[in-house]
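The sequence and structure come before the notes.

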Amino acid sequence: MNKAETHEAPIRGGFVPVSEGPWAGWWKWSGKDPFEDGTGPFFVKRDERGIVTGFRPEAKNLNGHGIVHGGALMTFADFSLFMVAASGGDEVSGVTVTLNCEFVSGAQAGDLLIARGECVRAGGSLVFARGTVLRAGENGAEEAVLTFSGTIKRAKRISH
């Protein structure tokens, strides 16, 4: 049994372990989100510092200047918002009400991007979270690429 199969999911809900390749030991959300799936794939795990999400942009994620498109970064930030919002343990089902982003620096195809953050408040109908998308260097250094904050409206039922 490999590392991904021997640990619990980082968040209770619809997550499947990744058992092979560079993302082995991470988890993938099992829901269907065609736009997010087309932009990613995105991954999540829990480490000693808490919830962390991961994304390695490809050529399909670049803009006309040859750097990662802001829309791809914001899509990753939105995914990360939900994962950070669920850091208490249970999956958060809902829709994004607000997503505020500040672009701090650029990223290239092939960069390892991770996001970390905190759930600021989880109420009965609204969840507030914030975080930072970071470029992870091979030497362990992390450089901010984008900061984000947002609000999620919990959903009572799935719309599709």
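The notes below are grouped by topic.

This is a predicted model, in which local features need pLDDT of at least 70 and side-chain atom pairs count only at pLDDT 80 or more, while totals for chains, interfaces and linings use all residues. Residues are numbered from 1 along each chain as its sequence is written, and side-chain values use heavy atoms, with hydrogens and water left out.

**Aromatic pairs**

- Rings of Phe, Tyr and Trp (its six-membered ring) pair if their centres lie within 6.5 Å; planes under 30 degrees apart count as stacked, over 60 as edge-to-face and the rest as tilted.
- By this rule there are six aromatic pairs.
- One of them joins Phe42 and Phe55, which sit edge-to-face with 4.8 Å between centres and 85° between planes.
- This pair links distant parts of the chain, 13 residues apart: Phe42 is in the loop between α2 (34-39) and β3 (43-47), and Phe55 is in strand β4 (residues 50-55).
- Helices (H or I, at least four residues) and strands (E, at least two) are DSSP runs, numbered from the N terminus.
- Phe42 and Phe55 are both buried, where buried means under 20% relative accessible area, exposed over 50% and partly exposed in between (1.4 Å probe, protein chains only).
- Phe42 also pairs with Phe79; the ring centres are 5.4 Å apart and the planes are at 40°, so this pair is tilted.
- Because Phe42 lies in the loop between α2 and β3 and Phe79 in helix α3 (residues 70-85), the pair ties together parts that are 37 residues apart in sequence.
- Phe42 counts as buried because its relative accessibility is 4%, and Phe79 is buried at 4% relative accessibility.
- One aromatic cluster is formed by Phe42, Phe55, Phe76 and Phe79.

**Thr75**

- Helix α3 contains Thr75, which is buried with a relative accessible area of 11%.
- The Thr75 side chain reaches the backbone oxygen of Gly71 at 2.8 Å.
- With neighbours within four places in sequence left aside, Thr75 is in contact (heavy atoms within 4.5 Å) with Phe35, Glu36, Thr39 and Phe42.

**Cysteines**

- A disulfide is a covalent bond between the sulfur atoms of two cysteines; here the cut-off is a pair of cysteine sulfur atoms within 2.5 Å.
- The structure holds zero disulfides.
- Cys101 is in no disulfide, and the nearest cysteine sulfur to it, that of Cys119, is 17 Å away.
- Cys119 is likewise in no disulfide, and is partly exposed at a relative accessible area of 24%.

Definitions and conventions. Polar contact = N/O pair within 3.5 Å; in protein donor to acceptor, adjacent residues only side chain to side chain.
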